[in-house]
Amino acid sequence: MLTNEIVKQKLVEKFAEQVTNFGEPYGLLTFEAPKEMNLKVLNFLYDDERLKFRFLTDICAVHYPDQKGRELAVVYHLHNMQDNIRVRFKVFTDIEKPDVYTATGLFSAANWMERETYDFYGVKFTGHPNMKRILNVEEMDYFPLRKEYPLEDQARIDKDDEMFGRE
Amino acid sequence: MTEQHIKLPEGSIEKTTTTLNLGPTHPATHGVFQNILELDGERVVSAEQTVGYIHRAFEKIAERRTLYQITPLTDRLNYCSPPLNNMGWHMTCEKLLGLKIPKRVDYLRVIIMELARISDHLICNSIVGVDAGAYTGFLYVMQYRELIYEIYEEVCGARLTTNIGRIGGFERNFNDIAFQKLEKFLKEYPGVLKEFENLFQRNRIFMERTMGTGAISAERALNYGFTGPNLRAAGVDYDVRVHAPYSSYEDFDFSIPVGTTGDNYDRWLVRNQEMWQSLRIIEQAYQKVQEFKGAEAEVYHADAPEYYLPPKELVYTRMEPMIWHFKIIMGEINMPVGEVYHSVEAGNGELGFYLISDGGRTPYRLHFRRPCFIYYQAFEELIKGSMLSDAIITMSSLNLIAGEMDA
């Protein structure tokens, strides 16, 4: 039976200190690698006889404007259906140069997921066969899910708990 | 067709294929999305799918809403089975918050979710029939979907965009009428489904229209990220209810139907069998619900004062519930920091919620894994070289829901 421990061990054996930030939030093994390495890691997870992460559940991006030089995270959720175990794999990229290698060679499913990621966050997937917007209009010249386009805050923060006699 | 029917002058550059815009408002697409088909006579040479016509930026809106305000957004993903989306979202929140849900709530949820699955599959299968030229089945089963909607109505007051349940349970206990309606449904529906099945399953015309069209191998289906009935029709027995049981699905006895060829006929059969399995699950769940006695039979939500609205009479008479009421409604509860992925088996497959919280009052990032969006990209591969009329059946048998695709 494949466990998070074994996956982690395998990754460390193969990539040494290049895979970092291991964690298990809510039981899901999460780790990070430099963005140049993303295909190597994905390929290893796919091909390795023991790991066999051959189902791409999801790709999405997250914007962290405060992390200089690593503002955009691309998050892959992978699934090994035989052993029924998932991993979450992240790469971080500079927002000025958001180029990440495409996973379309490995997973056909990555095609639209990457287009969606590009559409909303502007992550450019190098080698993608059809890198254009998917849900938004093609004339759009910004990436709407980035944090510099805030919506109006609906949650009130102007009121203190102190006034209610607590904390 | 190698020879042209009309002789073109020597050196003519006139194109020999026809471009057909199927959608975005074509009656055969059953939703707002576009296919640009290149046709050679009636054969599809290539297809390009365009989506996004009803994109509503739910992921962005969710970043400024507290958890309970996001539930109505999930209604509008797969609008053929909104309770499945609602429940999936509630469970994601509960996972983040670490809430423990009472068994009775789990079982009630299972009843609602399986009812939703039946209504989803019912629509899909009867629409496949409509596209194959059999309108009768569709008209006939619609009145039984009505029974399901009436049960929703009794439980939450709404029919289509249900917003059913709350974080921690249900907004109110199921009343007697709801259970009576459920009993009525359980009594009448098997006969109806049997009749519906008889109309199609061994129907020569239907079989010949659907067998061998829109087929995909298990390998390709997995590579394309297929989940749900469409993947199972190709022969992979992946079902989130079994692989990662949520809401006490492990307490139920049911089987996962699989197909072999992954074509339109198998997809139809898998959905049909799943409806029978759903009925089995509902019967078991209803029985389990009835086994609760005394105070236990009154439990319909978890104890989660920070997220579950207190009863109105307490809000008006006591201080503490009133404070909670205001804090919840105004969205003044800070969530725990965390990163959670939770998925449920929705009508079309694995519906995933990836929620990142930075400890604020609204999600830092919320991403929906919409099964339909992911498998629609395989459409070209499914229909290349087939007839236009087969492409239409393939489209409906994939159960493409525009709301889910575009989020």
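Predicted model: local features only at pLDDT ≥ 70, side-chain atom pairs only at ≥ 80, totals over all residues.
In the pair formed by helix α4 (residues 103-131) of chain B and helix α5 (residues 135-156) of chain B, the axes lie 9 Å apart and the packing angle is about 160°. Because angles over 145 degrees count as roughly antiparallel, α4(B) and α5(B) are described as roughly antiparallel to each other. The crossing in which α4(B) passes α5(B) is left-handed. On the side of α4(B), the contact is made by I112(B), L115(B), A116(B), I118(B), S119(B), L122(B), I123(B), S126(B), I127(B) and V130(B), and these meet Y135(B), G137(B), F138(B), V141(B), M142(B), R145(B), I148(B), I151(B), Y152(B) and V155(B) of α5(B). Sorted by class, the residues in the contact of α4(B) with α5(B) comprise 16 nonpolar, three polar and one charged.

The other pair consists of helix α2 (residues 67-75) of chain B and helix α3 (residues 82-97) of chain B, whose axes come within 8 Å and cross at roughly 150°. With this angle, α2(B) is therefore roughly antiparallel to α3(B). The crossing of α2(B) past α3(B) is right-handed, whereas that of α4(B) past α5(B) is left-handed. Residues L67(B), I70(B), T71(B), T74(B) and D75(B) of α2(B) make the contact with P82(B), N85(B), N86(B), W89(B), H90(B), C93(B) and L97(B) of α3(B). In the contact of α2(B) with α3(B), six residues are nonpolar, five are polar and one is charged.

Notes. Residues numbered from 1 in each chain as written. Chains lettered and ligands numbered in written order. Heavy atoms only, no water. Axes fitted to C-alpha atoms, helices over the stretch in contact; angles between N-to-C directions. Helix = DSSP H or I, 4+ residues; strand = E, 2+ residues; numbered from the N terminus. Parallel < 35°, antiparallel > 145°, perpendicular 65-115°, else oblique. Left-handed = near helix turned anticlockwise from the far one by under 90°. Contact = heavy atoms within 4.5 Å. Nonpolar A, V, L, I, M, F, W, Y, C, P; charged D, E, K, R; others polar.
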